[in-house]
Amino acid sequence: MWIDTHCHLDAHEFGDQAASLALAARAREKGVGMVVIPAVDRANFAVVRELAHLAPNASYALGIHPIYVPHAVEDDLAFMREAVAQAMEDPRFVAIGEIGLDFFIPMLCEPDMREKQVFFLREQLRIARDFGLPVLCHVRKSQDQVLKHVRQIGPAGGIAHAFNGSFQQAQAYIDAGFKLGFGGNLTFTRALQIRRLAAELPLSSIVVETDAPDIAPSWVHPGVNTPAEVAGIGAALAELRGEDADSVALATTGNALDVMPRLRALMAA
């Protein structure tokens, strides 16, 4: 069994809700026992929650993605805190996410947007800390900066999504109680650093993800990624490491359950 720790199952690229549910069902047929659906904005909190309740192999997280921060307002954080408080009664709610910093998109690198991103990240890390929840962190071109705020505020661990840093940065996240998310990028032979990380980091630090509909693996690119591809991504990870795919599935599933205790409780129910 595999767990897709990061899949935007509500994305418009998939079409309507029925199409998204069909993709979740196909993933289940391919051995994907659970898909974690992170929110990206206050406007889709209800959407991801509903999807997670309609698909037997789905759960969800709540958060405001850094790409959505330019249009966010401070009241959204109060709304989020209240939504999280209510969701604590929902067994399918497993984490805070997707949150983080993005210093790749030029507009987000402007001084005012950098400052606003940091404000929203820190406030969401505080929500995670206050409720004892792990975080699903977007760390594009911002690994060190996100880690600094994580260390200062101290949420209950999390996942560095689509990790593409150095071995030193990887160890720093691991020391902070994080797992590192690897997806379709590791299937491209030109992605040398990601492949080295995936091959050489301790297996105990790795979880698998699709980030569907984005980051499609080599056999799908440039098409639309789906949660069913996590099994192939996991098999590619196993091949890179020279390990058995079933063993890697067992280990990465265990890692995901360790870093998201509410997910473990959901799957044990």
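Predicted model: local features only at pLDDT ≥ 70, side-chain atom pairs only at ≥ 80, totals over all residues.

Trainee: What span does helix H9 reach from its first C-alpha to its last?

Mentor: Helix H9, residues 245-259, reaches 21 Å with its 15 residues, close to the 21 Å expected.

Trainee: Which residues of H9 are buried?

Mentor: Buried means under 20% relative accessible area. In H9 that gives Val248, Ala249, Thr252, Thr253, Asn255, Ala256, Leu257 and Val259.

Trainee: And what do the buried residues of H9 pack against?

Mentor: Their strand partners are S1 (2-4), S6 (158-161), S7 (178-182) and S8 (206-208), and they also pack against helices H8 (230-241) and H10 (261-268).

Trainee: Let's zoom out. How many helices and strands does the protein chain have?

Mentor: There are 10 helices and eight strands. The chain's radius of gyration is 17 Å, close to the 18 Å from the globule rule for 269 residues, so the chain is as compact as a globular protein of that length. Its C-alpha atoms fill a box of roughly 45 × 40 × 35 Å along the principal axes.

Trainee: How do I read burial and contacts for the protein chain?

Mentor: For burial, 54% of the 269 residues count as buried. For contacts, take those with a separation of 6 or more: residues 24 or more positions apart account for 71% of them.

Notes
Residues numbered from 1 in each chain as written. Heavy atoms only, no water. Helix = DSSP H or I, 4+ residues; strand = E, 2+ residues; numbered from the N terminus. Rg over C-alpha atoms; globule rule 2.2 N^0.38 Å. Buried < 20%, exposed > 50% of the residue type's maximum accessible area, 1.4 Å probe, protein only. Contact = heavy atoms within 4.5 Å. Expected span 1.5 Å × (residues − 1).
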